[in-house]
Amino acid sequence: MRFTPLIAGMIASLALSTAAQARDQISIVGSSTVYPFSTIAAEKFGQSSGFKTPVIEATGTGGGMKLFCKGIGVEYPDVTNASRAIKSKEAKMCADAGVAFQEFIVGNDGIAFANSLKGQHFEISIAHVAAALAAELPFQADGASDATPNQLKTWADVDAYTAKRIGGDLAGLPNIPVSIMVPPPTSGTRDAMGELFMKHGWKKLGLDGSGYKKLREDGAAIEVGENDSLIIEKLVADQNMFGVFGYSFFDQNRDKVQAALLDGVELNFENVASYKYPAARPLFFYVKKAHVGVIPGLKEFINEFVSEKAMGLDGYLFPAGLVPLSEDGFAKQVVARDAL
Amino acid sequence: MNNPIEMIQPDAETQARFEKIAQGLKKRHAASRRLKTYGIMAIVTAISFLAILLTTIISNGYTAIQQTELQITLTIPAEKLQYDDGAIDPVKARNFNWNGLIKKAFLAEFPDVTAMLDQRALGEILSKNAGYDLRRLIEAKGSIPVGETKVWIKTSDDVDMLMKGRLDRNLDEAQRRLSNQQIGWIDSLVADDRIRLVFNDTFFTAADSREPESAGVLGATVGSVMALFVTVLLALPVAVMAAVYLEYFAPPGRVTDFIEVNINNLAAVPSIVFGLLGLAVFLGFFGMPRSAPLVGGMVLALMTLPTIIIATRASIRAVPTSIRDAALGLGASRMQAAIDHILPLAAPGILTGTIIGIAQALGETAPLIMIGMVAFIVDVPATLTDPATALPVQIYIWSDSAERAFYERSSLAIMVLLTFLITMNISAVLLRRKFEKKW
């Protein structure tokens, strides 16, 4: 029968898959902000160690945590990258599956609030950003109680509103519509933005409560996927638009976009390292303890990643836009690495 | 005989009718001319969109076919790399600081650059993988050249962009990836004929890399071929058997109608759903490895099944019933009639359907996200269970990378993908032409 060899082939390939259960390659998932650094370290590791190069997926911080905390075994990833610290809900998920992990800080990152170089350079406060993005804002100057849907259509409106709430002069924002591209909810950058822009900006506006958590849905805040190149392209095409993304992307595209001066602080390497920049944040990765020593090369990979030659000021991650840790901060990572 | 209309003298009523028809005819001709114009306009629009698309891709990507290289004179210390008998020791070669060797040799050519920051800026002209490239070159050669040798080393992606005119040197220095000082050095190297543009063979012989100059499509191409191999292996026999059953054996009735409706529905299901299914069933339940082309092929097989079933049924139906009746009449069993007589005649149609289905599968990324094939993978896969990506995935990953040089490479990768697709579609047409039978 002419189908017999095909069927035999099918069975053989299925058998092959069940035979190849052991994994000799490190599997990494998680944040797309940490992805560029993680991949560089992985490639160096693959070139110099003799082990296979780790496989890295950019699933977003939330998606990565979900996969990571599912359990122990070769079918689950060994490392997850995160552009924010693990949430208590996720830690519980990990604990329920018996997953013990070690947290490492890769370095620092600053969230850029940027527009096209052809547009006006903004010098604003994070309060402006929060006022431009919040779904609901109280419009009476006195009360925080009666919030109404955000009606600030233009940056001039935002300017007037913010000046009224926090006092002080106008920032001189132009009369152009508010249009901001924000990362999707699965992204750690979105979580960090919620904390650093929205929560802190909300406080600056003299508001309390959790109204900052909801972003407006009237078209002023545009959710885009985890594709940062696309944001840059859109910013170049429309100079009235703003985008929110990590420092490394800003650094690579300085010839196309400019970052707003936030609270009088420029987005640059020094200000992120010193945390003077209001939207500076650490980047993390988490290692599954039970996999160290089981997955070949995992320990060696951590040694490669958490090292002066990778993460340091002279390290190879620096040109890619990673802002290195302070000396104390780095020393702590080394202690954690050696204890693994 | 003459024309009967001429012979009979028409009365007034008929005459009026003739005129009415003549008038209507004019209108009808005008309408059909209009329809023809609309048709031509539609085709011109479609073709011009296609032309715009292709021009954009080609103008963005054609420069990636070349790579900038820089000539360096250096001496490789053989004693640090060899066993006593002169063969290269792989462990020593791996641990040797190749990058340091190249950088030192390069810096030595600029004796007046002494400040540390300047030296670092000078070093940025070289590819970050230059050391690795040199090591592999030496290892492939099997021997270490004695004394001073001239080697061509890849430059960094920024220099590559400058040489290809994709970095605007008129921009403000702060907004450029290369400083005035660096551009000055590069210009002096160009004047010395020590920078050249050569064919970018790395692009066709390497897998993914974080450095654009070391990145290639081979890994993704092999991944795609492996996944599609599995797809054909699974989808073709299952689909053909399903189609034969539905056409010849299934009793007409509600159950058969229900199956038929669902096959058509399945063809319209968004492909990401098949990815979710793959994640839940193949990875979750069967515990198959993540990122493997085997699983990718299985998911894509599910996706192409309905396409092939529908094509197969259509081509089986196109075979005249007389052939089947004759076979049955001569005493063949239904299975013999189907397999020995109908299927060979329907084969060209089945083949065409399969190729079109596979071409569709080749362009898919969505179902592969869920099963982990959208990943950074540096090693070219060797078996069906090795981690791998696919061509469209590679394009997606590069287009999302910050480095400008990846932009042109993703356009070139699109051209590679299009070449595969066009080849497959043309072969489908040719095969159909060659084997098609007309009754």
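## Core, strand pairing and domain contacts

Leaving aside neighbours within four places in sequence, A:Ala130 is in contact with A:Phe197, A:Met198, A:Gly201, A:Trp202, A:Leu205 and A:Tyr212. This structure is a predicted model, and in its largest nonpolar core, which holds 183 residues, A:Ala130 and A:Ala131 are the members that touch the most others. Helix H10 of chain B, spanning residues 218-249, gives the most to this core, contributing 14 residues.

In chain B, strand S1 (residues 66-75) pairs with two other strands of the chain, running antiparallel to strand S3 and likewise antiparallel to strand S2. The pairings are set out below, each with one of the residue pairs that face each other across it.

| Strand pair | Partner residues | Bridges | Facing residues |
|---|---|---|---|
| S1(B) and S2(B) | 148-154 of chain B | seven bridges | B:Ile72 and B:Val151 |

Turning to chain A, the domain assignment gives domain 1 as 24-109 + 282-339 and domain 2 as 110-280. The centres of these two domains of chain A, taken over C-alpha atoms, are separated by 30 Å, and 19 residues of domain 1 are in contact with 17 residues of domain 2. On the side of domain 1 that touches domain 2, helix H3 (61-68) and strand S4 (101-116) of chain A each supply at least two residues, with H3(A) giving the most, namely three residues.

How values were computed:
Residues numbered from 1 in each chain as written. Chains lettered and ligands numbered in written order. Predicted model: local features only at pLDDT ≥ 70, side-chain atom pairs only at ≥ 80, totals over all residues. Core = buried A, V, L, I, M, F, W, Y, C linked by C-beta atoms within 7 Å. Buried ≥ 20, exposed ≤ 12 C-beta atoms within 10 Å, placed from the backbone. Helix = DSSP H or I, 4+ residues; strand = E, 2+ residues; numbered from the N terminus. Contact = placed C-beta atoms within 7 Å. Pairing = 2+ DSSP bridges. Domains from an automatic or database assignment.
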